[in-house]
Structure formats: structure tokens, C-alpha cells
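Me: I am new to this structure. Can you walk me through how to read it, starting with the ligand?

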Amino acid sequence: MESISTDQVSLTEIPVRRLHLGDLRDCLLLAIDRQWLPEEAKWRLLFEIGEAYGIDDPAGGLAGTVVLARYGPGLAAVSMVLVASRYARMGLGRRLMLHALEQARGATVFLTATRYGRGLYEKVGFETVGTVVTHTGNLAPRLEDLKDTGVRLAHRDDLETIIALDAHATGAPRTRLITRLFTFAERFRVAERDNVVVGFGAAWRNVDGVVVGPVIADGTGVAQGLIAELADGVHGQVRLDLDSRHAELTSWAVARGVSPAFSTALMVHGGPLPGRHDRLFAPVMLALG
Ligand SMILES: CC(C)(COP(=O)(O)OP(=O)(O)OC[C@H]1O[C@@H](n2cnc3c(N)ncnc32)[C@H](O)[C@@H]1OP(=O)(O)O)[C@@H](O)C(=O)NCCC(=O)NCCS
């Protein structure tokens, strides 16, 4: 690997270090440098739920970042793989990824990759197992979508049931993340059938609109009811990250006003992914699954 000298300091000598909330501003500046939105609420959640790592830029700020979120000992998500444009193709992305994998300590690690990151992830051993298509637009549910959905507000009393449904779908305990949705999300709902909770969903506000996710349900009909209730009356853009396997749900959502914006590859290292992914209709966000 070529040696990079910036003001006499070689970047290869600068260690990957754990980042803290005090580094948030530099993370946002790095995101802007790569034409990503400065998604402050999202980064704050990632700092809370996960572990952020970075490489300091000798010239000030951060030269690169990566976030690892663990769900118990067996599963982890990687996100926010960013390297400052001025240090592109110098090996920092690879170092950050290898650090995250080392920290994951043998867990199955997943991520969703844009076409920019895919080559790097393949090089460090990730395999593509699916496609997620991000849909955006004004999602307007029809009257019939909101009839007899069995959807109601999620209460603290539902937490144990929701965590169990989530663990069944994702194959891992995501207790902290799911608990945090009560305050992070603008809307948090459960779907009941015969007085039994068979699904749940949330919607949260990002800088460019409202993200509907997670949506976990025992079937497409329940997922549709949840999405309809979560998107009903939302002003502005709604975003839905839909696994391409959910063709019926995708057609339903498109007929209500969203359109495909871009797609990402679902990639796994040390796989296969645990859980019942047929029940996971939308992630909390791509960064967390
Ligand atoms: C993707 C990104 C993190 C790569 O970081 P980097 O430090 O430039 O990557 P590295 O120098 O460590 O590259 C390691 C390998 O990854 C692959 N790779 C990296 N950038 C690539 C590109 N633009 N096109 C194709 N392959 C690429 C190559 O195989 C490369 O090895 P090589 O240079 O020996 O050919 C960086 O380009 C970036 O921050 N992009 C913007 C944000 C982004 O898209 N992040 C990924 C989201 S999923």
C-alpha cells in the first residue's frame, strides 16, 4: 500500500479509534464531504446503539468512519463507511472495515451496500444475499387500507411482545434498539389479530422526510395495515426500504404513491443471516437492519 503523508504524518500510522458524541460534528462534515445528508438524529442513535470508529485526519477532523451495531454475540450491522474524498483509494476504507470485523468477534455481520462500497466489501469477504429498493414519495393510503387493520398505539406493556417478534424475525436480540423506538420514533404501532399482537411498526423523522421502519409482521396484509397507519397524514416525503423479495408489498406501496429511488445490495460476512426475513418487511433504517 502506498504511504500517505500529510504534514509529515503518515495516515497509515494513525490508529483507528473509538468515536464519541463529541466527534458527531466531524462525522456530519465527513458525510457532507461525500454528498451524504448530515443526518444528525440518525448518527446520534447510531452512537447510542452502536460503536463508532474513525481515523483522525492529521489536517483536522476525521479522515474516515465506520459504525458497528451488535445484536447479541451472534449478529452485528455495519454502516456509515465513509472516507474523506481527499483520501480516496488509499486503503482507509479497507482498514476501517477490517477493524469493524475484528471488533465483531466472529459474529455474522451484515450491511447494505451502494455501488460505491460494494467492491470494498467483496474484497474483505462479504457476499451479496439480496437487494433492498428504497422507495420515496407521498404515500397516501386509501380508505380501505385503514379499515379493520387491527393497528393501535404501541404501549410500554407491549415491549416484551414486540422484542420477541423482532428477535424472531431478525434472529437476534435488539432490546436496546427496540426500546429506544418509543422515544426515537414519531409513531410506534402494533397490529393485533384476535387480541394477539402479530406485528409492529414505527415511523421516524429524518432530515429529508419520514422513514417508515421497522415493519415486522406475520404476513403482507398485516404489513400493509401497519404502513397505511404509519404513513397516514404524514406531510412531505415518506421513505420505505423494501426487500425486493416483498413484491406484493412493493406493488401495493407504489400504487399508493411511492417510487423506487435507488437500490442497495444486502451483504453478509460470516453468514447466513439468522431469523425469518420473510417477516421483516422494512428495516429501522438501512444502517441498522
Ligand atoms: C467506499 C469508500 C468507503 C471506499 O473507501 P477507500 O478508502 O477509498 O477504499 P480503499 O482504498 O480501502 O479500497 C479498498 C478496495 O475497495 C475497492 N474500492 C474502493 N473504492 C472503489 C471504487 N470507487 N470503485 C471500485 N472499487 C473500489 C477496491 O477493490 C479497493 O482496492 P484497490 O484500491 O486495491 O483496488 C469511499 O469511496 C467512500 O467513502 N465513498 C463515499 C461513501 C460511500 O459510498 N460509502 C459506502 C456506502 S455503502
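Reply: Keep in mind that this is a predicted model. Start with the shell of residues around the ligand. There are 21 of them, and Val83, Arg89, Gly91, Gly93 and Arg94 come nearest.

Me: Which polar backbone atoms lie 2.7 Å from an oxygen atom of the ligand?

Reply: For a polar contact, look for a pair of N or O atoms within 3.5 Å. Here, a polar backbone atom of arginine 89 is 2.7 Å from a ligand oxygen. A polar backbone atom of glycine 91 is also 2.7 Å from an oxygen of the ligand. At glycine 93, a backbone N or O atom lies 2.8 Å from a ligand oxygen.

Me: How much of the ligand's accessible area does the protein cover?

Reply: On its own, the ligand has 900 Å² of accessible area, and the protein covers 77% of that. As for its site, the ligand sits in the largest pocket.

Me: Which helices and strands each supply at least two residues of the shell?

Reply: Four elements do: strand 6 (75–83), helix 3 (92–103), strand 7 (108–113) and helix 4 (115–123). Helix 4 gives the largest share, six residues.

Me: Now the aromatic rings. How many aromatic pairs does the structure hold?

Reply: It holds five aromatic pairs. One of them joins tryptophan 43 and phenylalanine 47, with 6.4 Å from centre to centre. The angle between planes sets the label: under 30 degrees is stacked, over 60 is edge-to-face, and the rest are tilted. The planes of tryptophan 43 and phenylalanine 47 are 40 degrees apart, so this pair is tilted.

Me: Where do tryptophan 43 and phenylalanine 47 lie?

Reply: Both are in helix 2 (residues 40–49). They are four residues apart, about one turn of the helix.

Me: Which peptide bonds are cis, with omega near 5 degrees?

Reply: One runs from glycine 213 to proline 214. Proline 214 has its place in strand 12 (residues 209–217). Another runs from glycine 271 to proline 272. Proline 272 is in the loop between strand 14 (258–269) and strand 15 (280–282).

Me: And phi: is the value for glutamine 35 positive or negative?

Reply: Positive. Glutamine 35 is not a glycine, yet its phi is near 60 degrees. Find glutamine 35 in the loop between helix 1 (24–33) and helix 2.

Technical notes:
Residues numbered from 1 in each chain as written. Predicted model: local features only at pLDDT ≥ 70, side-chain atom pairs only at ≥ 80, totals over all residues. Heavy atoms only, no water. Near = heavy atom within 4 Å. Polar contact = N/O pair within 3.5 Å; in protein donor to acceptor, adjacent residues only side chain to side chain. Areas by Shrake-Rupley, 256 points an atom, 1.4 Å probe, with all protein chains shown as cover. 1 Å grid on protein atoms, 1.4 Å probe; cavity = no way out; pocket = protein on both sides within 12 Å on 5 of 7 lines; lining within 4 Å. Sits in = over half its atoms within 2 Å of the grid points. Phe/Tyr/Trp six-rings, centres within 6.5 Å; stacked < 30°, edge-to-face > 60°.
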